[in-house]
Amino acid sequence: MAAGTGVALVPRLALGHPRPDLAVRPLAGPDLAREISVALLRSTSAAAAQELIAALREQAALITERWSEA
């Protein structure tokens, strides 16, 4: 007989805004991290590359801020 319960591991970015009837608990243990690298062709404009890197850093900061609020 089903108990009406379930467990799922969901990345925080995919969680969105959970329903109020769901209990969300972070996993205990070491913090997880992801490293993102940028590879550019030598023919890429230095200005365009710097704009791309700045945009990626800005988005990373927003994600980090969102994680710290949870």
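Is Ala55 buried, partly exposed or exposed, and at what relative accessibility? Ala55, which lies in helix H2, counts as partly exposed at 37% relative accessibility, where buried means under 20% relative accessible area, exposed over 50% and partly exposed in between (1.4 Å probe, protein chains only). This is a predicted model, in which local features need pLDDT of at least 70 and side-chain atom pairs count only at pLDDT 80 or more, while totals for chains, interfaces and linings use all residues. Residues are numbered from 1 along each chain as its sequence is written, and side-chain values use heavy atoms, with hydrogens and water left out.

**Largest pocket**

- The largest pocket holds about 1900 Å³ of space; a pocket is an open set of points on a 1 Å grid over the protein atoms alone, where a 1.4 Å probe fits, with protein on both sides within 12 Å along at least five of seven lines, and its volume is the space filled by probe spheres set on the points, which are joined across faces, edges and corners.
- Of the 36 residues that line this pocket, Val10, Pro11, Arg12, Leu13 and Trp67 are the closest to its centre, lining residues being those with an atom within 4 Å of a point.
- Helix H1 (12-15) and helix H2 (46-69) are the elements that give two or more residues to the lining, helices being DSSP runs (H or I, at least four residues) numbered from the N terminus.
- H2 provides the largest share of the lining, with seven residues.
- By residue class, the lining divides into 24 nonpolar, seven polar and five charged residues, where Ala, Val, Leu, Ile, Met, Phe, Trp, Tyr, Cys and Pro count as nonpolar, Asp, Glu, Lys and Arg as charged, and the others, Gly among them, as polar.

**Surface and charge**

- Val10, Leu15, Leu22 and Val24 make a nonpolar surface patch of about 310 Å²; the residues of such a patch have over 30% relative accessible area and no salt bridge, and their nonpolar side chains are joined within 5 Å.
- Leu15, placed in helix H1, is partly exposed, with a relative accessible area of 31%.
- One salt bridge is found in a search of the whole structure, and the side chains of Asp21 and Arg19 meet in a salt bridge at 2.8 Å, N to O, the criterion being a side-chain nitrogen of Lys or Arg within 4 Å of a carboxyl oxygen of Asp or Glu.
- Asp21 and Arg19 are both exposed.

**Separations in sequence and space**

- Ala8, found in the segment before H1, is exposed, with a relative accessible area of 61%.
- Ala8 and Leu27 stand 19 residues apart in sequence and 11 Å apart in space, C-alpha to C-alpha.
- Ala55 and Gly6 are separated by 49 residues in sequence and by 38 Å in space, C-alpha to C-alpha.

How values were computed:
Patch = residues over 30% accessible without salt bridge, like charges linked within 9 Å, V, L, I, M, F, W, Y side chains within 5 Å. Areas by Shrake-Rupley, 256 points an atom, 1.4 Å probe, with all protein chains shown as cover.
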